[in-house]
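Take a look at the structure below. Keep it in view while you read this short report.

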Amino acid sequence: MYKEDAMSTHLAEIETGTERRVVAVIRGQPTSDGAGVKLTRVIGQRALPDLDPFLMLDEFGSEKGADYIGGFPDHPHRGFETVTYMLDGRMRHWDNKGHSGLLVSGSVQWMTAGRGLVHSEMPEQADGLMRGFQLWINLPAKDKMCEPRYQEYAPEQIPVAHPAAGVAVKVIAGEVSGVKGPVGDVATGPTYLDIALEKGARFSQRLPKEHNAFAYVFEGGATLGTKAMEKSQLAVLSQGEVFTVTADTQPARLILVAGRPLREPVAKYGPFVMNTPDEIHQAIADYQAGRL
């Protein structure tokens, strides 16, 4: 009884503030990337080209090896960060700086490409379920030419918070009920949460009111504020201080992501994201000359 009362008090404290409302609902578009990997592009398509500082969100998921076996062979990056969250499966990555590693179910790779590198991501399985997300996050102009670096975490290094009955939150970046995610020292001060709710459960989370934020439901269905959301729908959230989600008639799982907008000019060309066209031309020249 004491525990339930404490949870109720905790929720009441969190929920004091301006509510984050759903201002747009986006459904991803099927596409392919790399060597024919089938995926769903949610941010980075016509309906939602970007959401400063977020440049792209891809969801991948298939039990058919033919949908992903080609992987993502060598490709360059400059000027932004890539965040790969593996829900299921195994992916080997490598870069031209000598860094390599294996992403397994539940692991996270937060790569700051900075001034640039050549990177590959290849499946380490021929069949079976491979599922996850890749998010691209812009870097401010002052950091675009920083040295590349990685923050990589195995499943057991991702802490889980239980802020309310029937709620489990994997905290990748940010903080939930005193539980801090391992990812830090990121210019946009992001929050990245994987939220699982049992039927009837409710969860509220405070966010910096100036941060842009979205939530993507990838299992079940849920009500975000007062808006009912279906599986495979992304909600663009209004400015505000409090995000609330409820799993009404079925269990649900979603990611909640927020970050400080940069409000800087953006010039994009494939895997290069800079501030001006001249910087893009230089990035292409550097790649072609082997300077990444």
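## The model

This is a predicted model. Every value here was computed from it.

Start with strand β2, residues 29-33, and strand β3, residues 37-43. The two run antiparallel, and five bridges join them. Thr 31 stands opposite Leu 39 in β3.

β2 and β3 make a hairpin. Three residues lie between the strands. Gly 34 sits in the turn, and its phi is positive, about 60°.

## Arg 41

Is Arg 41 buried or exposed? The cut-off for buried is under 20% relative accessible area. Arg 41 has 16% relative accessibility, so it counts as buried. This residue belongs to strand β3.

Which side chains make polar contacts with the side chain of Arg 41? One is Asp 33, at 3.0 Å. Another is Asp 58, at 2.8 Å. Setting aside neighbours within four places in sequence, Arg 41 also touches other residues, including Gly 28, Gln 29, Met 56 and Leu 57.

## The cavity

A search of the whole structure finds one cavity of 30 Å³ or more. The volume of the largest cavity is about 70 Å³. Among the residues that line it are Val 37, Lys 38, Phe 60, Gly 61 and Tyr 68.

Strands β3 and β4 (54-62) each supply at least two lining residues of this cavity. β4 gives the most, with three. By class, the lining has seven nonpolar, three polar and two charged residues.

## The largest pocket

The largest pocket holds about 430 Å³ of space. Its lining has 23 residues. Nearest its centre lie Asp 33, Arg 41, Met 56, Gln 134 and Trp 136. Arg 41, the buried residue from above, is thus one of the residues nearest the centre of this pocket.

Four strands, β3, β4, β5 (72-77) and β11 (130-138), each give at least two residues to the lining. β5 gives the most, with five. The lining divides into ten nonpolar, seven polar and six charged residues.

## The second largest pocket

About 230 Å³ of space lies in the second largest pocket. It is lined by 15 residues, and Thr 40, Glu 59, Gly 61, Tyr 216 and Ser 232 are the closest to its centre.

Here β3, β4 and β19 (212-220) each supply at least two lining residues. Which strand gives the largest share? It is β4, with four residues. By class, this lining has four nonpolar, five polar and six charged residues.

Terms used
Residues are numbered from 1 along each chain as its sequence is written. This is a predicted model: local features need pLDDT of at least 70, side-chain atom pairs count only at pLDDT 80 or more; totals for chains, interfaces and linings use all residues. Side-chain values use heavy atoms; hydrogens and water are left out. Two strands pair if DSSP finds at least two bridges between them. Buried means under 20% relative accessible area, exposed over 50%, partly exposed in between (1.4 Å probe, protein chains only). A polar contact is a pair of N or O atoms within 3.5 Å; within protein, one must be able to donate a hydrogen and the other to accept it, and residues adjacent in sequence count only if both atoms are side-chain atoms. Contact means heavy atoms within 4.5 Å. On a 1 Å grid over the protein atoms alone, a cavity is a set of points where a 1.4 Å probe fits but cannot get out, and a pocket is an open set with protein on both sides within 12 Å along at least five of seven lines; lining residues have an atom within 4 Å of a point. Grid points are joined across faces, edges and corners, and a volume is the space filled by probe spheres set on the points. Ala, Val, Leu, Ile, Met, Phe, Trp, Tyr, Cys and Pro count as nonpolar, Asp, Glu, Lys and Arg as charged, and the others, Gly among them, as polar.
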